[in-house]
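Please keep the display open while I talk.

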Amino acid sequence: NKKEVELKAITNRASVANNSQSVFLDDISELARPIPALYDFFPKFPVGDGNHNGTITYFDWDEDTTAKAAAAVAEGSTFPESTAKFQEYSVKLKKIGDTLPVTEEFEQDDTLAAAELQNFINLNVRDERNRQIAVADGTSNTLTGLYPSAPGYTAPNEGIADANIKDLVRRMRTTIVKGKGSKFQPNFVAANSDVIDQYMLKKDANNNYMFDSETGLIAGLQVVEDNNLADNTLVVGDSRYARIYERPGILLSEGQPNGQFLDDAKTIKAKQRLLFLIREADKAGFLKSTDIAADLTALAS
């Protein structure tokens, strides 16, 4: 028998209209953030409850008016007289915070995203804290960070052939310890990734790398890679004399300000109080290069 067969269109996934089936991943990828390098590196001292007015107070030598006068004394002659002056300094803890308003519907109906909100503002405070420890200048109620605290370095003309970052770091270290080595022993150099690469990728005339990148050292000093520091700058210092005083941890809380109760909303808040401190008499244990290229030019001249 002869039959007539009609070929129909193939059935595929598009044949199911409005198909929303999928494999759902039940997490949210975190935002990329800078590493808290300098915060992790420096020693931290907790500040607890008490009658301290949120203030760190200390006495220090007034180096501008202190004079060391010791000298040889001839028989029958008057001894020289030194001058010792001290000064009291006070610095208040600073506060870093962030808030995020959220509705009850969002928390109830989008629990996956809502669960990330506290972590989000927690890390926002952490990032700003790390930035201020590196570069904040103390204005507008900010910390006074490492870079503004360190005295500037003026590179001398020394005729160093093909002067590089290792030469600069070593000469900065020598400037710190010369005459002050009984107290200061610089142990770190802080810079951003591009500056460190400028050192690590240095090659000789035969295209061989000149420096061992596996040691994590530059001129014998530990490298602290912090990308809050600006390009073409670096800091050398003795980490024992830079301290972080803090109310430990980032505090998270919730509230309903400004009529949020009537709006079925609330505000998530994160905060931390802390202080980065290099005491006046300890600043001589640090130096910064504000223009690496210019300093290298000077060292080579």
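Predicted model: local features only at pLDDT ≥ 70, side-chain atom pairs only at ≥ 80, totals over all residues.

Asp264 is partly exposed, with a relative accessible area of 34%, where buried means under 20% relative accessible area, exposed over 50% and partly exposed in between, computed with a 1.4 Å probe on protein chains only. Asp264 sits in the loop between strand S10 (251-255) and strand S11 (265-277), and although it is not a glycine, it has a positive phi of about 55°. Helices here are DSSP runs of H or I with at least four residues, strands are runs of E with at least two, and both are numbered from the N terminus.

Residues are numbered from 1 along each chain as its sequence is written, and side-chain values use heavy atoms, with hydrogens and water left out.

Asp162 is another non-glycine residue with a positive phi, in this case about 50°. It belongs to the loop between helix H5 (146-149) and H6, and with 49% relative accessibility it counts as partly exposed. Asn164 is found in the loop between H5 and H6, but at 11% relative accessibility Asn164 counts as buried. Not counting residues up to four places away in sequence, Asn164 touches Lys202, Phe211 and Leu296, contact being heavy atoms within 4.5 Å.

Leu296 brings us to H8, where Ile292, Asp295, Leu296, Ala298 and Leu299 are buried. These cover an arc of only 160° around the axis, which puts them on the same side of H8; the arc is that of the directions from the helix axis to the C-beta atoms. Among the elements that cover the buried residues of H8 are H6, H7, S8 and strand S12 (286-289).

Which residues of helix H7 (residues 193-200) are buried? They are Ser193, Val195, Ile196, Tyr199 and Met200, and because they fall within an arc of 160° when seen down the axis of H7, they line one face of the helix. Those buried residues pack against helix H6 (165-177), strand S5 (188-191), strand S6 (217-218), strand S7 (221-225), strand S8 (234-237) and helix H8 (292-300).

Turning to the strands, Val91 is found in strand S3 (residues 86-92) and is partly exposed, at a relative accessible area of 24%. Leaving aside neighbours within four places in sequence, Val91 is in contact with Gly54, Thr55, Ile56, Tyr58, Leu275 and Leu277. Asp62, in the loop between strand S2 (55-61) and S3, counts as buried at 17% relative accessibility. With the sequence neighbours within four places again set aside, Asp62 is in contact with Lys85, Phe86 and Gln87.

I will finish with the lining of the largest pocket, whose residues divide into six nonpolar, four polar and four charged. In that grouping Ala, Val, Leu, Ile, Met, Phe, Trp, Tyr, Cys and Pro count as nonpolar, Asp, Glu, Lys and Arg as charged, and the others, Gly among them, as polar.
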